[in-house]
Amino acid sequence: RYHYPDQDVVDRVYVAFEAPEVGGCGLMQFTVRDEPSSAAARGMTATMERLGNDQMTVDLHPDGRFSVTDLTTAIRYERLGGFHAEIDRGDTYTVESDQREAGVEQAGGWRVTAHGPLVVAAEARGALAIPMHGQVRWRKSVVLHADSPLTHLRIDLWNYATDHRLRLHVPTGASGLALAGAPFGSIAREPVQSRAASSSAERPVTTAPAHRFVAVADERRGLAVLAPGFFEYDHGRGGDLHLTLLRAVGELSRNDLSARPGHAAWPMPVPDAQEPGHHVITLALAPVTGLVHARPDRIDHLWEDFALGCSSWWLGTTGPIRSEPVGITLCGDGLVASVVKPAEDGNGLILRAYNARAAATKGTWQFVQRVAKVTRVRADETELEAMPLVEGRHTVQFEARPHALVSIRVTLRSPRGR
């Protein structure tokens with residue numbers, strides 16, 4: 001009633017469609033046709049007990065957890081996706097957790113929400129009671145796409161509890177190092193165990209940061225967890241990953257913590273740091289092996305499939321789209337696209353790639369349009385030197401040293417240009 005005259009009640013409908021290859025920043029128009037397709041013909045299955053495609057099966061357990069089997073290796077990853085709640089009496093600077101599970105989880109079983117042919121999905125709902133602190137209600141959706149090794153996971157949380165930390169349990173069954181994504185590459189870390197402070201300073205934490213992904217793998221098996229941005233994780237010696245979903249506290253700084261002497265900041269309440277209300281977390285799981293430590297770019301490419309799919313718009317017209325073709329493709333062993341953006345001064349595009357491997361490599365940026373000019377630049381976009389163009393001015397070649405960052409400025413010609 002506060003949005004008169006626009007008071008429409010609408011349903012949001014998601015349409016799955018199979019798209020051909022579209023170059024980066026490319027644009028393509030599709031029309032709707034009635035062509036029935038069978039989920040079974042694509043190896044897609046969906047029941048209240050199991051989801052499947054031609055690469056993965058997901059067994060759905062009544063308690064809201066699930067197990068994943070990689071059909072290419074026959075390796076099974078058991079009882080993924082459980083919640084772990086801990087009482088946290090800390091502040092915004094320091095965790096004060098007793099490390100004991102404090103929640104009582106209830107689940108209401110699974111129901112199928114997508115039957116194929118390109119997407120199968122199921123969801124479960126439940127609640128996590130945290131004695132003396134409140135309740136967290138949750139909805140968990142597991143999704144498989146046709147021809148994809150990724151198990152997509154969407155978690156909706158309604159937080160009505162205070163002073164707690166809620167984490168997601170992902171047991172990998174692997175004994176290797178954790179490979180965590182960073183802004184321009186990745187870093188390998190040993191499992192961390194809880195340890196007491198060796199001095200009067202703050203007690204060391206067992207958590208670590210990750211950007212885009214974290215993977216734990218040995219020679220035979222492993223799992224990568226993919227996320228849209230930054231997140232926090234714990235990695236134990238048994239190969240278990242715990243991902244922080246919520247951390248709810250109410251004080252900016254406290255001086256009564258055993259993990260840290262004195263205040264870290266001005267003492268004042270911060271009630272919004274209790275994270276009340278609705279939260280949405282999207283993740284994906286992918287089977288990997290210890291080879292990812294030598295080729296971390298392979299996890300980056302899995303992450304791109306998860307987080308950088310086609311963006312689609314519904315157009316209320318059947319006429320052709322009048323736009324200039326763009327289409328940008330990065331080629332090269334070990335290379336990962338980091339940035340495609342307008343230059344800060346408005347002159348051309350800035351393209352940035354990094355070499356994820358410990359060996360030098362060669363690469364190319366390829367364009368549908370002809371390129372008028374290309375210059376190597378620093379990260380602050382200061383120009384360094386002109387670069388040659390090949391293949392009719394459609395390709396830029398470059399070399400990248402081990403773990404190097406390569407930035408260029410490109411000015412594209414109009415298709416009608418001479």
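Let me begin with a word we will need throughout: a residue is called buried when its relative accessible area is under 20%, exposed when that area is over 50%, and partly exposed in between, using a 1.4 Å probe and protein chains only. In the protein shown above, buried residues make up 42% of the 418 residues.

Before going on, please keep in mind that this is a predicted model, in which local features need pLDDT of at least 70 and side-chain atom pairs count only at pLDDT 80 or more, while totals for chains, interfaces and linings use all residues. Residues are numbered from 1 along each chain as its sequence is written, and side-chain values use heavy atoms, with hydrogens and water left out.

Now to the overall picture. The protein has one helix and 26 strands, where helices (H or I, at least four residues) and strands (E, at least two) are DSSP runs numbered from the N terminus. Its C-alpha trace spans about 75 × 55 × 55 Å along the principal axes. If we take contacts, meaning heavy atoms within 4.5 Å, between residues at least 6 apart in sequence, 63% of them join residues at least 24 apart.

Let us turn to the interior. A nonpolar core is a set of buried Ala, Val, Leu, Ile, Met, Phe, Trp, Tyr and Cys residues joined through side-chain atoms within 4.5 Å, and the largest one here has 52 residues. Among those with the most contacts inside this core are Phe66, Phe83 and Leu168. Leaving aside neighbours within four places in sequence, leucine 168 is in contact with residues including Phe83, Ile155, His242 and Leu283.

Next, the sheets. Strands of a sheet pair through backbone hydrogen bonds, either parallel or antiparallel, and two strands are counted as paired if DSSP finds at least two bridges between them.

Finally, some details of the backbone. Most residues other than glycine have a negative phi, and most peptide bonds are trans. Which residues are joined by a cis peptide bond with omega of about 10°? They are glycine 116 and proline 117, and proline 117 has its place in the loop between strand 7 (104-115) and strand 8 (119-130). Alanine 74, in the loop between strand 4 and strand 5, has a positive phi near 65° and is exposed, with a relative accessible area of 64%. Glutamate 391, which lies in the loop between strand 24 (389-390) and strand 25 (395-400), likewise has a positive phi, of about 55°, and is exposed at 58% relative accessible area.
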